[in-house]
Amino acid sequence: MTAIDTIPNLDRKKPLRPSQVVGRIALYATLIVLALFVLMPLAVIILNSVRFNDDILRESFIGWPTRLTLENWGVAWGEACINASCTGVKPYFWASILMVVPATVISTAIGLINGFALTKWKMPFAGFIFVAITIGVFLPPQVVLLPWAIALGWLGLSKSLVGLSLVHIIQGTCFTTLFCRNYLINLPDDLIKAARIDGAGFFRTFWKIVVPLSPPIIIVTIIWQFTFIWNEFLFAITFSSSDFRPITAALMSLNANDTGVSEYGFGSAAVLIAAIPPLVIYFLGGRYFVRGLTQGAVK
Amino acid sequence: MAALNIENVWKKYGNVIALRDVNLDIRDGEFVVLVGPSGCGKSTLLSIIAGLEDTSHGTLTLGEIDVTDLSPKDRNIALVFQSYALYPTMTVRQNITFGMENRKVPKAEQDKAVADVAKLLQIEPLLDRKPGQLSGGQRQRVAMGRALVRDPQLFLFDEPLSNLDAKLRVEMRTEMKKLHKRLGQTIVYVTHDQVEAMTLSDRIVVINDGVVQQFADPDTIYQKPANMFVAGFMGSPSMNFIDVEVTGRARAITAVHRGDGADIDFPFGATREELAPYIGKTITLGVRPEHFRPAGEAGLTLTVNVDVVEPTGPDTMVVFSVAGKSLVGVLNAKFRPEEDDDVTLSLSLDEACFFDTEGVRIRGLAE
């Protein structure tokens, strides 16, 4: 063998043909236009949240700020009036947190246990039960609205934090079971058999073997559930009252104030405040989200 | 340690019968290998012994205890998986102690057991690593360690070496044999590799289509296979099967293969008296590839036409035809004929086997 003492340039790239260059330009132009189209409304809302309402009314709804203010954010958070109670969105924000966090955690936990039982624990009728649960994913929420109203009435949980959380936990279990079942079905059966021989029961196998292997799907499920429940509007508006109201339902009443003057400034700030938690969750776990969704697609 | 008795075991999945009336009497301390083609039911039988699958019929007795309906953890067995099935999120130490923790073994006892096993398998430096950081051979050792630490009455192995590369497989095979000699445990070992079966076992169980074909020591399996399936399955390349008509009379028997254009006579004279009842009938003659030798050695002289020559290093494998019949021989490496040559070979008939029309081997009168 002869020794290799010079290394050639290894950064060679295949040159593009003229038609490929044109295609590349067209592709990027299209992507930029689409991105602008999507980002436009967000930009308008962000700009309006730092404009004075007078300026917005005098100039136009869409426009650059001539003067900057952060007052809208303070008003939206603590002073704006919603249904004649001038507390800002603060109490509704915390009401949403109180509902979303337990509902997300509980529905994710149930989904993971379901997924394990349905795939790895030779349950009788596992296929049928899985289909039955997954049908819930495809049922429009309007269909279950009335049954839920009746059920919550029976349980004495109408228009309460616990009642709405229960709705979200059960509705969400359809999604979380689907996600977790599809993830856990790829877990090697031998691991579960080894645990059986090692004398571990259902819950010990679940805690010691399945949960430690599930962070990707747990993160995906949490992001999905948190965002979905936080943004959900139909159940929120139907099953809430002045005692308990999530932020999405409260926003609805924000602009309808007594004077009849539209308050675009703090309205925009309130909307942005309501959008922050799902964004934070997504930024914290986003890379797991993308990875989790593609998991198992390609070996 | 304990003996394992399998009596009339059947297994049915839906409408498919995976095991038919399996009866095995495995002695205390014996190394038994289950071997057969894929889908033959050998892994199913192992799962049933482990308690991971239920029997559809029949009983299992381990030592003095009927374990047929006991769950795996109550059977006092350990299983080493083909995939090793190490818990990926636990360290090697945690993998080994997981079973003891479940059985609530005191901590001090656990530590001692881990230390002993780690020393035996030379995995002490690996104890705090995760399985993902180990090589294939190291994982294999850890999987063995997890089984050994249980000190079971019965070890079960499901193709434990088949994920290793060829060199390591041979090393681990030797090590396994040493370990068995040292610990003297009862072992049931599944493999599709007949070399593993021949080298490791005290006795071999050959299974096909869910039926035990033969249960015997390796030499018997190889030299006196119960039927054509066992004869053809064990040995590589496979035994040559030749249709022959038994002619002559008692003590002067010749088996004749009616070939294309020419007959081949296999004279047995008075050596195979068991063939007397088959005179005038057609049966199957089986000769192993290594029974062919270069011309000049004792045996029947045959002139053959060479089709393919495949040198393997230590041997030369030759595919040739004689009277239109294609046969395989394994001769020593120095024998290198050209393709399409006519060469003369010598065939030793001392260990030739005969099979009746049902494929069952015709036993010698002394057997």
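Biologist: What is the relative accessible area of Asn76(B)?

Modeller: The value for Asn76(B) is 29%, and the residue is therefore partly exposed; that class lies between buried, under 20%, and exposed, over 50% (1.4 Å probe, protein chains only). This is a predicted model, in which local features need pLDDT of at least 70 and side-chain atom pairs pLDDT 80 or more, whereas totals for chains, interfaces and linings use all residues. Residues are numbered from 1 along each chain as written, chains are lettered from A and ligands numbered from 1 in written order, and side-chain values use heavy atoms, without hydrogens and water.

Biologist: And what is the phi of Asn76(B)?

Modeller: Asn76(B), which is not a glycine, has a positive phi near 60°. Most residues other than glycine have a negative phi.

Biologist: Where is Asn76(B) placed?

Modeller: Asn76(B) sits in the loop between β5 (65–66) and β6 (77–80) of chain B; strands are DSSP runs of E with at least two residues, and helices are runs of H or I with at least four, numbered from the N terminus.

Biologist: Turning to peptide bonds, which residues does a cis bond join?

Modeller: Ser236(B) and Pro237(B), with omega about -5°. Pro237(B) belongs to the loop between α8 (228–233) and β11 (240–249) of chain B.

Biologist: Now the interface: how many residues does each chain give to the contact?

Modeller: Chain A gives 16 and chain B gives 22, where contact means heavy atoms within 4.5 Å.

Biologist: Which side chains meet in a salt bridge?

Modeller: Those of Glu101(B) and Arg204(A), at 3.4 Å, N to O; the rule asks for a side-chain nitrogen of Lys or Arg within 4 Å of a carboxyl oxygen of Asp or Glu.
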